[in-house]
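These are my notebook entries on a structure that I looked through one topic at a time.

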Amino acid sequence: MSHSVQAAPPRPAPSDSSNRVTLGLSNRLLARPEVGALVAAILIFIFFMAAAPAFRSAESFFTVLYQSSTIGIVAVGVGMLMIGGEFDLSAGVITTTAGLVNSMFCWYFGVNLWVGALLSLVFCLFVGFVNGYLVMKTGIPSFLITLGTFFVLQGANLGVTKLVTGSVSSTDISRIDGFGSLNKIFASSFKIGSVTVWITVLWWVLFVALAAWILQRTRIGNWFFAVGGAPDSARAVGVPVVRTKIGLFMTVSFLGWFIGMHTLYRFNTLQAGNGVGNEFLYIIAAVVGGTLLTGGFGNAIGVAIGAFIFGMTSLGIVYAGWDPNWFKAFLGVMLLLAVLVNLYIKRMSTARKVG
Amino acid sequence: MTTSRSRGARLVALAAVVALGVTACSGGGKEKTDDTSSGGGNAAGSSGYTIAFITHETPGDTFWDKIKAGAQQAARDEGVTLKYSNDPDASKQAVLIQNAVDSKVSGIATTLVTPKALAGAVKSATDAKIPVVGLNSGIDQYKQLGALMYFGSDENLAGQTAGQRIGQAGGKHPLCVIQAAGSVALEARCAGVKSAVPGTENLQVNGADDASVVSTLQAKLSQDKSIDYVVTLGAPIAVDALKAMDAAASKAKLITFDLNAEAAQDIQDGKIEFSIDQQPYVQGYMAVTSLYLYLKNGNDIGGGKAVLTGPSFVDKSNIDKILPFTKNNTR
């Protein structure tokens, strides 16, 4: 597998150093994880520009960006976790848990929403910590551990909501103190000309930039690649594997909390059964964006492009006005194409390297 | 003595002030009243009957929560032991019915959403002389399957009625929003609307993700400006639809199926034209009650015909009366 220069994980020393080829600029470019996704994104973009007249306006573009951002913010965390070699299946429901904890606590006790938001943050970080701690201490694959957390949270979401509110949806929180300021942070929008920009889009850009910087430019970023690519060697060279992985799980929970806050403050009430299924969208975004399912390879920009491809495809089909019964089939074909283009570009770069 | 008492009083006063400070300025929280809503009713099991109540509920849906609330209230009122279970998967629902038969319950109330898949299990119930009533779905098949009575709304009829009202108001191009892919009941509603207004178009959205519902709807409404009515098939989706219509600057009118507290408020505020309510609470309540009366008294409610719980219209004319009930989770 090929890597960009800065992100190279401390693999076992290569025995074939004499056979190394120096890569040209184009090859180095092609070897980056996000290039395949970028090409696929451009192709899909051109396709919908041609096929869907309604897709061509700036308003539509920003609706697509909004849709992408609600997936993309959590996907950044999930992507980093996957680079670190782990999965988190609880990432979808924890967004609903986050909102429910905040809204029901504040509603029941009549306290300021800020108190509930912070409590919810602590709770979500705790869930992330438990996920990471159990994976590291038991050695059970994260797929199973977080599947367990997924069910626990899903059930608790329903059970606790029913106990507290007497219904399976949370109550309207828009009249509780602190709503205005929290709404501004998590769920406001502003206009530029005729275009509505949701604040989640800006947060998304910020989180992606931050993640890209950490992955490419910091020592911690190198640890992510190391624990995902070769955990034993990583441990051998002194990377704090346990702390790194737990930190990654907590990052995913933090971003899940963030989107949970957005959903709560945009919609005021939450249905306790929601959020299920989104964990796969996050993983899909990461994979389409060039993250390896086996860990050790990928980057934040790629994951962002993956989320953008998902947002663009899911709304592009609507903009094109195609028969809705075929919706999922179109989506599947688009995603397969994106992954294939991705793979093709990667192959091309590998082939050139060998030749 | 006096000092300690005054210190105690001061502490109490301080605590009161702190408590006031925290709570006083926060409106919109839980109303501080005594919770005695579940008064009355017989002790569970006092009638000696055990009724199994089996649905295809997807957990966490406000609609099903009302069916369940109705069934539980009926069980309380009649002293029936209620065994509620649910599974959205047809084959697993059939297993649940079989379980009820095996445990020799006095009666079974079940939704018949996938009649073919449930036929075997229902037959084994009737073979074992356990009375079965249908509710919510299966209006055309309940008799063939051997169920005694049926309580529910005719989805297609409900859709048609909604469509006729849209047509009378001059609607030409309604958008019917399906929040769960492949649901027979939801498709039947949209088909009903379409039979009354041929220009009806369907749209699929992901009902488990409100943000995605809004952006999908927003995309559709800006793609096709000729949409003059949006028909949502569940109350939470209607609330999302309002946000999407606002964002897309759509002039369409909104109607919905079913109710919840928010949607009821929106009807009162004039944001939703009307709701077609099939009264899920009644479906749950009547299914249990009818079995109770059949077991105790041999009664046959509906006289061999399905008992319709809807379509019942909720609009400006009657919302004031209905709104409080939606907050109690009974309507």
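Entry 1, the interface. Across the interface of chain B and chain A, in what is a predicted model, I found nine residue pairs in polar contact, both residues at pLDDT 80 or more; a polar contact is a pair of N or O atoms within 3.5 Å, where within protein one must be able to donate a hydrogen and the other to accept it, and residues adjacent in sequence count only if both atoms are side-chain atoms. I then looked up which elements of chain B supply at least two residues each to the side that touches chain A, and noted α1 (2-23), α2 (62-78), β7 (201-204), α8 (210-223) and α9 (235-247), helices being DSSP runs of H or I of at least four residues and strands runs of E of at least two, numbered from the N terminus. The largest share of that side, eleven residues, comes from α8(B).

I took down the conventions here. The model is predicted, so that local features need pLDDT of at least 70 and side-chain atom pairs count only at pLDDT 80 or more, while totals for chains, interfaces and linings use all residues. Residues are numbered from 1 along each chain as its sequence is written, chains are lettered from A and ligands numbered from 1 in the order in which they are written, and side-chain values use heavy atoms, with hydrogens and water left out.

Between chain B and chain A I counted one salt bridge, taken as a side-chain nitrogen of Lys or Arg within 4 Å of a carboxyl oxygen of Asp or Glu; K162(A) forms a salt bridge with D65(B), with 2.8 Å between the closest N and O atoms. Over all chains the count comes to eleven salt bridges. One of them pairs K245(A) with E86(A), whose closest N and O atoms are 2.6 Å apart. K245(A) lies in helix α11 (residues 241-267) of chain A and E86(A) in the loop between α3 (58-83) and α4 (91-109) of chain A, so the pair ties together parts 159 residues apart in sequence.

Contact (heavy atoms within 4.5 Å) involves residues including F63(B) and I67(B) of α2(B) and Y281(B) and Y285(B) of α11(B).
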